[in-house]
Amino acid sequence: MLYFSMKHLRKLTLLSGGWQRNVALSSTSRRNAQFVENTPKVEQENARSLEHTEVMEDMPWKKWWTGSIGKHPGKINMEAINLPHRFIEAAKLYLQESDIKVISEVASKLRDFLFSRRTCKHKNIDVKMPFRFNNPKDILNKKHPDSPNVSDSVLHSLNAFEKEAKEIDVYQWKQLVYDEYNCAAFLLGRSAAAYSASLRVMNEIKKDVPDFAPLSILDFGSGTGTSVWAANTLWQDSLKQYICVDSSKEMNKLAFFIFAGGNYDITLPGLFIRQNLPISFQNSYDIVTSAYSLSELPSEKERLMLLKLLWEKTERYLILIEQGNFYGYYIMMEARNLLLHGIEGANPKSQKKYSKFSVPASVLAPCPHEKICPMWGTKSSCVFSQKYVVPEYSKTFMKQNHANEKFTYLILEKDGTASKTQTDVWPRVVKNPNLKNCAQCHFCTPAGNIEHISISKSKYGTDFYHLAKKCKLGDRFPITPKSS
């Protein structure tokens, strides 16, 4: 735990205010326990309902919503996302006693390690690998010369990339221990990216189900608490209970430091930080989320066990987020097959059946269907991206002002009572359009396949062409493909 003088503690106290607006606090507690400032509500597009299909492939297109062409109701990507101001200020206080040069070295290796990390043995899997990593240990050590002060646990974890002799795709998984250096490195190099992915994914629920008012959230593998911060940004008026679970004591200390604005001595009503999942199955939560945590488990067996447990604790929505590469996509397929089809394993041809769920799942996003993923067995993976603003405390590590977080995700709904809107049946853009003479778009359709459509001015008109030019990876698109 980092040391702070009384002068620093006085600064920390100035950052705090009330933990939660909907919890009755004394004036002193309200002044000393503020979680986040009153964040502006995420803008919702004002689109009227569509009573009949106006967008057909062989019919002239007509705009039917209010607002600009680039802000249609299927727009999912958000503008560059900023971390909450109080998160940034607390992070700066946490890092000011650290050797930023050393932490930056650790952060660089940690970031590359987490993105390149494999999760299981992929040999004999019936899927075409989109790419193959070289040995990251040699690459990273050449790019970032080792320092005697760099965390030993990070360098030790890099040994996991060493391949066994004559086994091209066999990978020895090793656990990464989050000590004080690794926690500071994660805060420096990954917190803003993790927050942007969580907010982008959760905002899709806010957009599709505007009346949803969650009371509780369980965040497994909470890390610095970015998923809880994202949930509080969207639903701060209704949320009353925040459960953060992370096996690392140091990471939990860091998360509380950020939540409390740097004051370890205050009490935050409604916030519970623990190392283990609540055992009781009587407790369920409106939102259960696991961001970049399933990949921290060493085997498929353990991931499936955790997914079953998280689903039992889900009252309404289960949110899963992983790294935007093949291995993250592989984990999403494990979850999708298990919770939608009762199949254990990422391969949909698996004969391992599991059908003990009392309440079945349905997909809210990103899939417009619940059939087998059409990308499985191809060279592509279902990956998305979100732009975010690099916080001030990370400028020594990341020189640019903006960056993009690549991620893959899955939102599963438990009760399935939400009414479907017009945009729910629109196909999803799964590849950024190729803009030449016409917009070459690739969609995942409600029919359960990938369809390529060329959108030209001559066939669809100028407005629809410009709409296609403005669409981005992950957006829903107002068109009815031939397969539908």
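How do the residues of the lining of the second largest pocket divide into nonpolar, polar and charged? The legends below take up this pocket first, then the cores and the aromatic pairs. The model is predicted.

**View 1. Lining of the second largest pocket.** The lining residues divide into 18 nonpolar, 14 polar and seven charged. In total, 39 residues line the pocket. Nearest its centre lie Gly221, Asp246, Ser247, Ser293 and Glu296. The pocket has a volume of about 790 Å³. Strand 1 (216–220), helix 9 (226–235), helix 10 (249–259) and helix 11 (300–312) each give two or more residues to this lining. Helix 11 provides the largest share, with four residues.

**View 2. The largest nonpolar core.** This core holds 115 residues. Those with the most contacts inside it are Leu187, Trp235, Ile258, Ile321, Tyr393, Ile411 and Leu412. Helix 12 (residues 326–341) contributes 11 residues, the largest share of the core. In soluble globular proteins, nonpolar side chains tend to be buried together.

**View 3. Surroundings of Ile321.** Ile321 is one of the residues with the most contacts inside the largest nonpolar core. Leaving aside residues up to four places away in sequence, Ile321 touches Ala197, Ser198 and Val201, among others. Its contacts also include Ser290, Ala291 and Tyr292. Met332 touches Ile321 too, as do Phe407, Thr408 and Tyr409.

**View 4. The Phe87–Trp229 aromatic pair.** The whole structure contains 18 aromatic pairs. One of them joins Phe87 and Trp229 edge-to-face, at 5.4 Å centre to centre and with 80° between the planes. Phe87 sits in helix 3 (residues 85–95) and Trp229 in helix 9, so the pair ties together parts 142 residues apart in sequence. Phe87 has a relative accessible area of 0% and is buried. Trp229 is also at 0% relative accessibility, and counts as buried.

**View 5. The Phe256–Tyr264 aromatic pair.** Is this pair stacked or edge-to-face? The ring centres of Phe256 and Tyr264 are 6.4 Å apart and the planes lie at 10°, so the pair is stacked. Planes under 30 degrees apart count as stacked.

**View 6. A cluster of aromatic rings.** Phe326, Tyr327, Tyr329, Tyr330 and Trp376 belong to one cluster. Ring pairs provide the links.

Terms used: Residues numbered from 1 in each chain as written. Predicted model: local features only at pLDDT ≥ 70, side-chain atom pairs only at ≥ 80, totals over all residues. Heavy atoms only, no water. Core = buried A, V, L, I, M, F, W, Y, C linked by side-chain atoms within 4.5 Å. Buried < 20%, exposed > 50% of the residue type's maximum accessible area, 1.4 Å probe, protein only. Contact = heavy atoms within 4.5 Å. 1 Å grid on protein atoms, 1.4 Å probe; cavity = no way out; pocket = protein on both sides within 12 Å on 5 of 7 lines; lining within 4 Å. Points joined across faces, edges and corners; volume = space filled by probe spheres on them. Nonpolar A, V, L, I, M, F, W, Y, C, P; charged D, E, K, R; others polar. Phe/Tyr/Trp six-rings, centres within 6.5 Å; stacked < 30°, edge-to-face > 60°.
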